[in-house]
Amino acid sequence: MGYFNKIGYLYVDLHLMKEYVQMFEEMLDEKLEELNLWTEKELAKLNNDMDREIVIENHVIDEKWKLNSEFPNMFRKSLFVSIYSRIEHELNRICRKYEGEYEIDLKDFRKDKGIKRAQKYLKEVVNVDFPDETKEWNKINHYNFIRNNIVHNKSKITKIKKIQSFINSEATIGLDNLNYINIRKGFCLKVIETMSNFFEQLNKKLP
């Protein structure tokens with residue numbers, strides 16, 4: 001019996017994460033629509049162009065900047081880190097499932113960390129034909145790099161060459177002019193989809 005047949009809660013978690021992302025994006029769209037309606041109503045009350053400019057400059061521009069850019073990027077980066085942590089947690093959990101059977105602990109692989117350590121354990125100890133030649137695993141390695149820069153480097157990418165081709169191929173993530181990560185609408189859903197596909201592939205390889 002395969003891994004996913006035994007434990008289906010990961011699918012439940014993925015579904016909940018997907019719903020959570022969609023709920024936030026819908027809420028954000030609603031807030032922007034409310035701001036647009038409020039702006040139209042307030043400007044309609046004013047006859048003076050200068051007064052209109054004051055309303056726009058003092059309230060509308062700042063609110064739109066927060067709702068269009070700052071708040072979404074902050075939330076998406078936080079959510080992305082959470083989703084990525086779930087990938088790492090699940091790989092570690094699978095490895096620990098085999099520790100008693102093979103009498104070699106995951107922690108014995110001290111030279112490696114995170115997903116790389118889990119990959120090595122499953123390949124070398126459990127003899128799993130690990131799906132590391134897939135596009136999903138390739139993306140997960142890029143996610144690892146992005147996650148580390150968000151967590152440890154305040155979202156700034158310093159080694160551009162490592163990630164440039166991936167970012168160029170993904171419309172839902174980018175860098176600003178100072179090379180800070182900008183996560184756009186749709187990226188977190190793609191990460192969840194990649195995660196789901198990868199664990200389906202891994203499931204087929206597990207003994």
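Me: Is E90 buried or exposed in this predicted model?
Reply: The model is predicted, and within it E90 lies in helix α3, which covers residues 49-102. A residue counts as buried when its relative accessible area is under 20%. The relative accessible area of E90 is 0%, so E90 is buried.

Me: What distance separates the C-alpha atoms of E90 and L10?
Reply: Along the chain, E90 and L10 are 80 residues apart.

Me: Which residues are linked with E90 in a network of salt bridges?
Reply: One of the salt bridges joins R86 to D13, with the closest N and O atoms 2.7 Å apart. R86 lies in helix α3 and D13 in helix α2, so this pair ties together parts that are 73 residues apart in sequence. R86 is buried at a relative accessible area of 12%, whereas D13 is partly exposed at 25%. The residues linked with E90 in the network are D13, R86 and R93.

Me: Which residue meets R76 in a salt bridge, side chain to side chain?
Reply: The salt bridge of R76 with E25 has an N to O distance of 2.8 Å. R76 lies in helix α3 and its partner E25 in helix α2, so the pair ties together parts that are 51 residues apart in sequence. R76 counts as buried at 8% relative accessibility, and for E25, also buried, the relative accessible area is 8%. The residue asked for is therefore, by the definition of a salt bridge as a side-chain nitrogen of Lys or Arg within 4 Å of a carboxyl oxygen of Asp or Glu, the partner named E25.

Me: How many residues apart are E170 and K139, whose pair links distant parts of the chain?
Reply: The side chains of E170 and K139 meet in a salt bridge at 4.0 Å, N to O. E170 sits in the loop between α6 (164-169) and β1 (173-175), while K139 belongs to helix α5 (residues 135-152), and the two are 31 residues apart.

Me: Which patch on the surface does E30 belong to?
Reply: E30 is placed in helix α2, residues 9-44. With 51% relative accessibility, E30 counts as exposed, because exposed means over 50%. Together with E26, E33, E34 and E40, E30 gathers in a patch of negative charge.

Note on methods: Residues are numbered from 1 along each chain as its sequence is written. This is a predicted model: local features need pLDDT of at least 70, side-chain atom pairs count only at pLDDT 80 or more; totals for chains, interfaces and linings use all residues. Side-chain values use heavy atoms; hydrogens and water are left out. Patches are made of residues with over 30% relative accessible area and no salt bridge: like charges are joined within 9 Å, nonpolar side chains (Val, Leu, Ile, Met, Phe, Trp, Tyr) within 5 Å. Accessible areas come from the Shrake-Rupley method with a 1.4 Å probe; for residues, only the protein chains shown count as cover. Lys and Arg count as positive and Asp and Glu as negative; His and the chain ends are not counted. The place of a charge is taken as NZ of Lys, CZ of Arg, CG of Asp or CD of Glu. Helices (H or I, at least four residues) and strands (E, at least two) are DSSP runs, numbered from the N terminus. Buried means under 20% relative accessible area, exposed over 50%, partly exposed in between (1.4 Å probe, protein chains only).
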